Amino acid sequence: MPAPTASLVRPQIATIEVSVDPVYNALHSLMSIIKAAHLSGLGDWVLNTRDALTTAEMQNHRLVVEGLHYALYPQRHFPSFPTYIDHLEKMDPFVLRDRLLDGYFNLSCMRDEPSPYSTYEEVLRSPESYLDFLINRFGSEHVDPDLERHAYTYAVNPTAMQILIVSHLRMMWDRFLAAEWTRIEPMLTDSAAAFNDAGVKRMDIHEAAEFITGQPLKQKEWDPPEQDIHRYVFVPSAHIGPYIGHFLQGDSLVILFGARLPEGTTIHAPDLSRNEIAVRLNALADDTRLRILRYIADNGEQRSQDIISALNLSQSAASRHLKQLSATGYLSERRCEGAKCYSLGEDRLRDTFQAVLAYLAVIF
(Lines give C-alpha, C1' and ligand atoms only; values in the text may rest on other atoms or scores of the structure.)
Protein backbone atom coordinates (compact mmCIF):
# COMPACT_ATOMS: atom_id res chain seq x y z
CA MET A 1 0.00 0.00 0.00
CA PRO A 2 1.21 3.57 -0.57
CA ALA A 3 3.10 5.15 2.31
CA PRO A 4 1.61 8.19 4.03
CA THR A 5 2.60 11.51 2.50
CA ALA A 6 1.99 15.15 3.28
CA SER A 7 2.63 18.55 1.79
CA LEU A 8 5.30 20.92 3.00
CA VAL A 9 2.83 23.77 3.54
CA ARG A 10 3.87 25.74 6.57
CA PRO A 11 1.15 26.35 9.19
CA GLN A 12 1.10 29.48 11.32
CA ILE A 13 3.37 27.90 13.94
CA ALA A 14 5.76 25.07 13.08
CA THR A 15 9.02 23.75 14.44
CA ILE A 16 11.86 22.28 12.41
CA GLU A 17 14.49 19.90 13.69
CA VAL A 18 16.97 17.30 12.45
CA SER A 19 16.96 14.19 14.63
CA VAL A 20 18.43 10.70 14.66
CA ASP A 21 15.28 8.65 15.10
CA PRO A 22 16.23 4.98 15.51
CA VAL A 23 12.72 3.64 14.96
CA TYR A 24 11.96 5.47 11.73
CA ASN A 25 15.47 4.73 10.54
CA ALA A 26 15.04 1.02 11.15
CA LEU A 27 11.54 0.79 9.68
CA HIS A 28 12.51 2.68 6.55
CA SER A 29 15.59 0.49 6.12
CA LEU A 30 13.33 -2.57 6.31
CA MET A 31 11.00 -1.03 3.72
CA SER A 32 13.98 -0.32 1.46
CA ILE A 33 14.66 -4.05 1.24
CA ILE A 34 11.34 -4.39 -0.59
CA LYS A 35 11.81 -1.24 -2.67
CA ALA A 36 15.17 -2.52 -3.95
CA ALA A 37 13.19 -4.56 -6.49
CA HIS A 38 12.32 -1.40 -8.42
CA LEU A 39 14.69 1.29 -7.11
CA SER A 40 18.42 1.38 -7.79
CA GLY A 41 21.06 3.08 -5.68
CA LEU A 42 19.85 2.02 -2.22
CA GLY A 43 23.24 0.82 -0.98
CA ASP A 44 25.09 -2.34 -0.07
CA TRP A 45 23.40 -3.08 3.26
CA VAL A 46 19.95 -3.08 1.65
CA LEU A 47 21.02 -5.35 -1.21
CA ASN A 48 23.07 -7.69 1.00
CA THR A 49 20.23 -8.05 3.48
CA ARG A 50 17.73 -8.74 0.72
CA ASP A 51 20.00 -11.41 -0.74
CA ALA A 52 20.54 -13.02 2.67
CA LEU A 53 16.80 -13.62 3.22
CA THR A 54 15.35 -16.92 2.08
CA THR A 55 12.31 -16.90 -0.19
CA ALA A 56 10.07 -17.71 2.76
CA GLU A 57 11.68 -15.00 4.90
CA MET A 58 11.25 -12.43 2.12
CA GLN A 59 7.58 -13.33 1.78
CA ASN A 60 7.17 -12.91 5.53
CA HIS A 61 9.05 -9.62 5.35
CA ARG A 62 6.70 -8.27 2.69
CA LEU A 63 3.69 -9.39 4.70
CA VAL A 64 4.84 -7.58 7.85
CA VAL A 65 6.45 -4.46 6.38
CA GLU A 66 4.09 -3.90 3.44
CA GLY A 67 0.90 -5.82 4.16
CA LEU A 68 0.73 -4.70 7.81
CA HIS A 69 2.51 -1.41 7.11
CA TYR A 70 0.39 1.00 9.15
CA ALA A 71 0.47 -1.17 12.28
CA LEU A 72 4.23 -0.71 12.47
CA TYR A 73 4.70 3.03 12.67
CA PRO A 74 5.10 4.67 16.10
CA GLN A 75 2.89 7.41 17.46
CA ARG A 76 5.64 8.87 19.67
CA HIS A 77 9.41 8.84 20.01
CA PHE A 78 11.28 5.80 21.32
CA PRO A 79 14.98 5.80 22.31
CA SER A 80 15.82 2.59 20.45
CA PHE A 81 14.33 0.04 18.06
CA PRO A 82 14.44 -2.83 20.63
CA THR A 83 12.54 -0.58 23.07
CA TYR A 84 9.88 -0.04 20.42
CA ILE A 85 9.61 -3.78 19.71
CA ASP A 86 9.08 -4.36 23.44
CA HIS A 87 6.35 -1.71 23.35
CA LEU A 88 4.61 -3.47 20.45
CA GLU A 89 4.72 -6.74 22.36
CA LYS A 90 2.98 -5.16 25.35
CA MET A 91 0.25 -3.41 23.35
CA ASP A 92 -3.34 -4.56 23.31
CA PRO A 93 -3.47 -6.63 20.06
CA PHE A 94 -6.76 -5.02 19.04
CA VAL A 95 -5.27 -1.54 19.45
CA LEU A 96 -2.41 -2.64 17.19
CA ARG A 97 -4.88 -3.98 14.63
CA ASP A 98 -6.94 -0.79 14.76
CA ARG A 99 -3.78 1.19 14.03
CA LEU A 100 -3.53 -0.70 10.75
CA LEU A 101 -7.12 0.13 9.82
CA ASP A 102 -6.79 3.72 11.04
CA GLY A 103 -3.94 4.16 8.58
CA TYR A 104 -6.13 3.06 5.68
CA PHE A 105 -9.12 5.15 6.73
CA ASN A 106 -7.05 8.27 7.41
CA LEU A 107 -4.90 8.14 4.30
CA SER A 108 -6.14 10.40 1.52
CA CYS A 109 -8.23 8.38 -0.89
CA MET A 110 -6.69 8.06 -4.36
CA ARG A 111 -10.05 7.68 -6.07
CA ASP A 112 -12.89 10.18 -6.46
CA GLU A 113 -15.71 7.77 -5.70
CA PRO A 114 -16.91 7.73 -2.06
CA SER A 115 -16.08 4.53 -0.19
CA PRO A 116 -19.04 2.27 0.66
CA TYR A 117 -17.19 1.17 3.82
CA SER A 118 -17.56 3.26 6.95
CA THR A 119 -16.77 0.83 9.79
CA TYR A 120 -14.07 -1.68 10.60
CA GLU A 121 -16.71 -4.40 10.85
CA GLU A 122 -17.76 -3.82 7.24
CA VAL A 123 -14.15 -3.94 6.06
CA LEU A 124 -13.34 -7.14 7.97
CA ARG A 125 -16.53 -9.01 7.05
CA SER A 126 -14.68 -11.23 4.57
CA PRO A 127 -11.44 -11.41 2.56
CA GLU A 128 -13.39 -10.07 -0.43
CA SER A 129 -14.70 -7.04 1.48
CA TYR A 130 -11.20 -6.28 2.78
CA LEU A 131 -9.73 -6.43 -0.71
CA ASP A 132 -12.60 -4.44 -2.19
CA PHE A 133 -12.14 -1.76 0.48
CA LEU A 134 -8.45 -1.34 -0.42
CA ILE A 135 -9.09 -1.30 -4.16
CA ASN A 136 -11.97 1.14 -3.71
CA ARG A 137 -9.73 3.56 -1.80
CA PHE A 138 -6.41 3.19 -3.59
CA GLY A 139 -7.06 1.61 -6.98
CA SER A 140 -6.20 -1.89 -8.15
CA GLU A 141 -2.77 -0.79 -9.39
CA HIS A 142 -1.69 -0.13 -5.79
CA VAL A 143 -3.05 -3.37 -4.31
CA ASP A 144 -1.42 -6.82 -4.38
CA PRO A 145 -4.41 -9.18 -3.97
CA ASP A 146 -2.40 -12.18 -2.72
CA LEU A 147 -0.49 -10.11 -0.20
CA GLU A 148 -3.60 -8.35 1.11
CA ARG A 149 -5.58 -11.59 1.41
CA HIS A 150 -2.76 -12.94 3.53
CA ALA A 151 -2.72 -9.72 5.59
CA TYR A 152 -6.48 -10.11 6.11
CA THR A 153 -5.96 -13.41 7.95
CA TYR A 154 -3.97 -11.48 10.55
CA ALA A 155 -6.24 -8.43 10.61
CA VAL A 156 -9.06 -10.67 11.84
CA ASN A 157 -6.74 -12.36 14.34
CA PRO A 158 -5.01 -9.48 16.17
CA THR A 159 -3.13 -11.73 18.61
CA ALA A 160 -1.55 -13.68 15.75
CA MET A 161 -0.77 -10.39 13.99
CA GLN A 162 1.02 -9.06 17.07
CA ILE A 163 3.09 -12.24 17.45
CA LEU A 164 4.05 -12.14 13.77
CA ILE A 165 5.08 -8.48 13.83
CA VAL A 166 7.09 -8.71 17.04
CA SER A 167 8.88 -11.94 16.10
CA HIS A 168 9.78 -10.72 12.62
CA LEU A 169 11.04 -7.30 13.73
CA ARG A 170 13.07 -8.91 16.51
CA MET A 171 14.61 -11.39 14.05
CA MET A 172 15.54 -8.60 11.61
CA TRP A 173 17.06 -6.55 14.42
CA ASP A 174 19.14 -9.41 15.80
CA ARG A 175 20.37 -10.72 12.43
CA PHE A 176 20.81 -7.54 10.41
CA LEU A 177 20.00 -4.20 12.03
CA ALA A 178 21.80 -4.28 15.40
CA ALA A 179 25.36 -4.43 14.06
CA GLU A 180 24.52 -2.00 11.26
CA TRP A 181 23.05 0.51 13.71
CA THR A 182 26.24 0.40 15.78
CA ARG A 183 28.18 1.25 12.61
CA ILE A 184 25.99 4.07 11.28
CA GLU A 185 24.66 5.80 14.42
CA PRO A 186 27.75 8.03 14.91
CA MET A 187 27.55 9.11 11.26
CA LEU A 188 23.86 9.94 11.55
CA THR A 189 24.48 11.85 14.78
CA ASP A 190 27.14 13.97 13.04
CA SER A 191 24.72 14.73 10.19
CA ALA A 192 21.92 15.81 12.53
CA ALA A 193 24.25 17.94 14.65
CA ALA A 194 25.71 19.70 11.61
CA PHE A 195 22.32 20.72 10.22
CA ASN A 196 20.98 21.83 13.59
CA ASP A 197 24.13 23.93 14.09
CA ALA A 198 23.52 25.47 10.65
CA GLY A 199 20.37 27.15 11.96
CA VAL A 200 17.63 25.20 10.15
CA LYS A 201 15.18 26.06 12.92
CA ARG A 202 15.20 29.67 11.74
CA MET A 203 14.49 28.80 8.10
CA ASP A 204 11.22 28.64 6.21
CA ILE A 205 10.19 25.02 5.77
CA HIS A 206 10.72 25.07 2.01
CA GLU A 207 14.17 26.61 2.45
CA ALA A 208 15.04 24.13 5.21
CA ALA A 209 13.82 21.13 3.23
CA GLU A 210 15.95 21.96 0.20
CA PHE A 211 18.96 22.86 2.36
CA ILE A 212 18.77 19.62 4.35
CA THR A 213 17.87 17.13 1.63
CA GLY A 214 19.92 18.79 -1.09
CA GLN A 215 16.99 18.53 -3.48
CA PRO A 216 14.39 21.01 -4.71
CA LEU A 217 10.89 20.16 -3.53
CA LYS A 218 8.44 18.57 -5.94
CA GLN A 219 4.94 19.49 -4.86
CA LYS A 220 3.51 16.21 -6.17
CA GLU A 221 5.54 14.36 -3.53
CA TRP A 222 3.81 16.16 -0.68
CA ASP A 223 0.04 15.65 -0.94
CA PRO A 224 -1.92 18.02 1.32
CA PRO A 225 -2.86 16.35 4.61
CA GLU A 226 -6.24 16.63 6.22
CA GLN A 227 -4.64 18.48 9.14
CA ASP A 228 -1.97 21.10 9.64
CA ILE A 229 1.62 20.08 10.20
CA HIS A 230 3.06 21.69 13.32
CA ARG A 231 6.38 19.87 13.51
CA TYR A 232 8.82 18.85 10.79
CA VAL A 233 11.40 16.24 11.77
CA PHE A 234 14.20 15.53 9.28
CA VAL A 235 15.85 12.16 9.89
CA PRO A 236 19.19 11.29 8.23
CA SER A 237 19.38 7.74 6.83
CA ALA A 238 22.35 5.69 5.66
CA HIS A 239 20.22 3.41 3.48
CA ILE A 240 17.80 5.63 1.57
CA GLY A 241 20.27 6.47 -1.20
CA PRO A 242 19.35 9.61 -3.16
CA TYR A 243 15.63 9.33 -2.39
CA ILE A 244 13.32 11.00 0.14
CA GLY A 245 10.90 9.25 2.50
CA HIS A 246 8.08 10.92 4.42
CA PHE A 247 5.65 9.73 7.09
CA LEU A 248 2.81 11.44 8.88
CA GLN A 249 2.85 11.06 12.68
CA GLY A 250 -0.08 12.95 14.18
CA ASP A 251 0.62 16.63 13.51
CA SER A 252 4.29 15.89 12.69
CA LEU A 253 5.83 15.15 9.32
CA VAL A 254 8.88 12.88 9.49
CA ILE A 255 11.14 13.27 6.45
CA LEU A 256 14.00 10.83 5.82
CA PHE A 257 16.93 11.94 3.67
CA GLY A 258 20.33 10.60 2.73
CA ALA A 259 22.78 11.35 5.55
CA ARG A 260 25.07 14.18 4.50
CA LEU A 261 26.83 17.31 5.74
CA PRO A 262 25.74 20.88 4.92
CA GLU A 263 28.08 23.06 2.92
CA GLY A 264 30.41 25.10 5.08
CA THR A 265 30.13 22.92 8.19
CA THR A 266 33.07 22.78 10.59
CA ILE A 267 32.25 19.19 11.58
CA HIS A 268 34.88 16.76 10.31
CA ALA A 269 33.16 13.45 9.47
CA PRO A 270 35.02 11.47 6.76
CA ASP A 271 32.58 8.53 7.02
CA LEU A 272 29.66 10.83 6.33
CA SER A 273 31.41 12.52 3.41
CA ARG A 274 32.28 9.12 1.98
CA ASN A 275 28.68 7.94 2.33
CA GLU A 276 27.32 10.92 0.38
CA ILE A 277 29.97 10.56 -2.32
CA ALA A 278 29.20 6.85 -2.66
CA VAL A 279 25.50 7.62 -3.18
CA ARG A 280 26.33 10.14 -5.89
CA LEU A 281 28.89 7.96 -7.66
CA ASN A 282 26.56 4.97 -7.58
CA ALA A 283 24.27 6.82 -9.98
CA LEU A 284 27.17 7.20 -12.41
CA ALA A 285 28.46 3.64 -12.08
CA ASP A 286 26.14 2.18 -14.70
CA ASP A 287 26.49 2.08 -18.46
CA THR A 288 22.81 2.81 -19.16
CA ARG A 289 22.69 5.81 -16.85
CA LEU A 290 25.87 7.20 -18.40
CA ARG A 291 24.32 6.74 -21.86
CA ILE A 292 21.22 8.64 -20.72
CA LEU A 293 23.34 11.52 -19.40
CA ARG A 294 25.41 11.68 -22.57
CA TYR A 295 22.31 11.60 -24.79
CA ILE A 296 20.76 14.52 -22.93
CA ALA A 297 24.09 16.38 -22.84
CA ASP A 298 24.33 16.04 -26.63
CA ASN A 299 20.68 16.76 -27.47
CA GLY A 300 19.37 19.01 -24.71
CA GLU A 301 16.13 18.51 -22.80
CA GLN A 302 14.36 15.29 -23.76
CA ARG A 303 11.01 13.63 -23.10
CA SER A 304 11.12 10.26 -21.38
CA GLN A 305 9.68 8.54 -24.45
CA ASP A 306 12.37 10.05 -26.66
CA ILE A 307 15.04 8.67 -24.31
CA ILE A 308 13.40 5.24 -24.36
CA SER A 309 13.27 5.18 -28.16
CA ALA A 310 16.73 6.59 -28.80
CA LEU A 311 18.49 4.24 -26.36
CA ASN A 312 16.25 1.21 -26.96
CA LEU A 313 15.25 0.89 -23.30
CA SER A 314 12.26 -0.82 -21.75
CA GLN A 315 9.74 1.37 -19.92
CA SER A 316 10.59 -0.18 -16.54
CA ALA A 317 14.36 0.12 -17.02
CA ALA A 318 14.11 3.73 -18.16
CA SER A 319 11.85 4.62 -15.23
CA ARG A 320 14.25 3.07 -12.72
CA HIS A 321 17.32 4.81 -14.14
CA LEU A 322 15.61 8.19 -14.59
CA LYS A 323 14.33 8.07 -11.00
CA GLN A 324 17.83 7.57 -9.63
CA LEU A 325 19.42 10.22 -11.85
CA SER A 326 16.68 12.71 -10.94
CA ALA A 327 16.85 11.94 -7.22
CA THR A 328 20.63 12.37 -7.26
CA GLY A 329 20.23 15.70 -9.06
CA TYR A 330 22.05 14.79 -12.25
CA LEU A 331 18.81 15.33 -14.16
CA SER A 332 16.14 17.98 -13.65
CA GLU A 333 12.61 16.74 -14.22
CA ARG A 334 9.56 18.78 -15.26
CA ARG A 335 6.20 18.24 -16.92
CA CYS A 336 6.00 19.37 -20.54
CA GLU A 337 2.98 18.82 -22.79
CA GLY A 338 1.71 15.98 -20.63
CA ALA A 339 5.05 14.16 -20.52
CA LYS A 340 8.08 14.10 -18.23
CA CYS A 341 11.03 16.03 -19.64
CA TYR A 342 14.62 15.80 -18.43
CA SER A 343 17.54 18.20 -18.67
CA LEU A 344 21.11 17.89 -17.43
CA GLY A 345 21.89 19.00 -13.86
CA GLU A 346 25.28 20.44 -14.65
CA ASP A 347 25.77 22.09 -11.26
CA ARG A 348 25.15 18.80 -9.43
CA LEU A 349 27.65 16.96 -11.62
CA ARG A 350 30.23 19.68 -11.01
CA ASP A 351 29.56 19.57 -7.24
CA THR A 352 30.03 15.81 -7.19
CA PHE A 353 33.48 15.93 -8.72
CA GLN A 354 34.46 18.77 -6.40
CA ALA A 355 33.25 16.71 -3.42
CA VAL A 356 35.39 13.77 -4.51
CA LEU A 357 38.47 15.99 -4.81
CA ALA A 358 37.78 17.58 -1.42
CA TYR A 359 37.41 14.16 0.21
CA LEU A 360 40.65 12.88 -1.29
CA ALA A 361 42.42 16.02 -0.11
CA VAL A 362 41.36 15.16 3.45
CA ILE A 363 42.87 11.69 3.10
CA PHE A 364 46.16 12.85 1.63
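Analyst: Happy to! One thing to keep in mind is that this is a predicted model. Let's begin with L131, which counts as buried because its relative accessibility is 9%, under the 20% cut-off.

User: Good start. Which helix holds L131, and which residues is L131 in contact with, leaving aside its neighbours within four places in sequence?

Analyst: L131 has its place in helix α8, which covers residues 127–138. Its C-alpha atom is separated by 8.2 Å from that of V143, 12 residues apart along the chain. Once neighbours within four places in sequence are set aside, the contacts of L131 are V143, P145, E148 and R149.

User: Thanks! Is Q324 buried or exposed?

Analyst: Q324 sits in helix α15, residues 315–328. Beyond its neighbours within four places in sequence, its contacts include S40, G41, P242 and Y243. Its relative accessible area is 0%, so Q324 is buried.

User: Which side chain is joined to that of Q324 by a polar contact?

Analyst: N282, A283 and R289 are among the residues in contact with Q324. For one of these, a polar contact of 3.1 Å links its side chain to that of Q324. That partner is R289.

User: Let's turn to strands. Which residues make up the covered face of β1?

Analyst: In a regular strand the side chains alternate between the two faces of the sheet. Strand β1 spans residues 15–18, with T15 and E17 on the uncovered face. The covered face is made up of I16 and V18.

User: And which residue in β2 is the bridge partner of T15?

Analyst: β1 pairs with strand β2 (residues 231–237) in the parallel sense, over 4 bridges. For T15, the bridge partner in β2 is R231.

User: Last one: how far apart are the sulfur atoms of C336 and C341?

Analyst: The structure holds 1 disulfide, formed by C336 and C341. Both cysteines are buried. Their sulfur atoms are separated by 1.5 Å.

Methods: Residues are numbered from 1 along each chain as its sequence is written. This is a predicted model: local features need pLDDT of at least 70, side-chain atom pairs count only at pLDDT 80 or more; totals for chains, interfaces and linings use all residues. Side-chain values use heavy atoms; hydrogens and water are left out. A disulfide is a pair of cysteine sulfur atoms within 2.5 Å. Buried means under 20% relative accessible area, exposed over 50%, partly exposed in between (1.4 Å probe, protein chains only). Helices (H or I, at least four residues) and strands (E, at least two) are DSSP runs, numbered from the N terminus. A polar contact is a pair of N or O atoms within 3.5 Å; within protein, one must be able to donate a hydrogen and the other to accept it, and residues adjacent in sequence count only if both atoms are side-chain atoms. Contact means heavy atoms within 4.5 Å. Two strands pair if DSSP finds at least two bridges between them.
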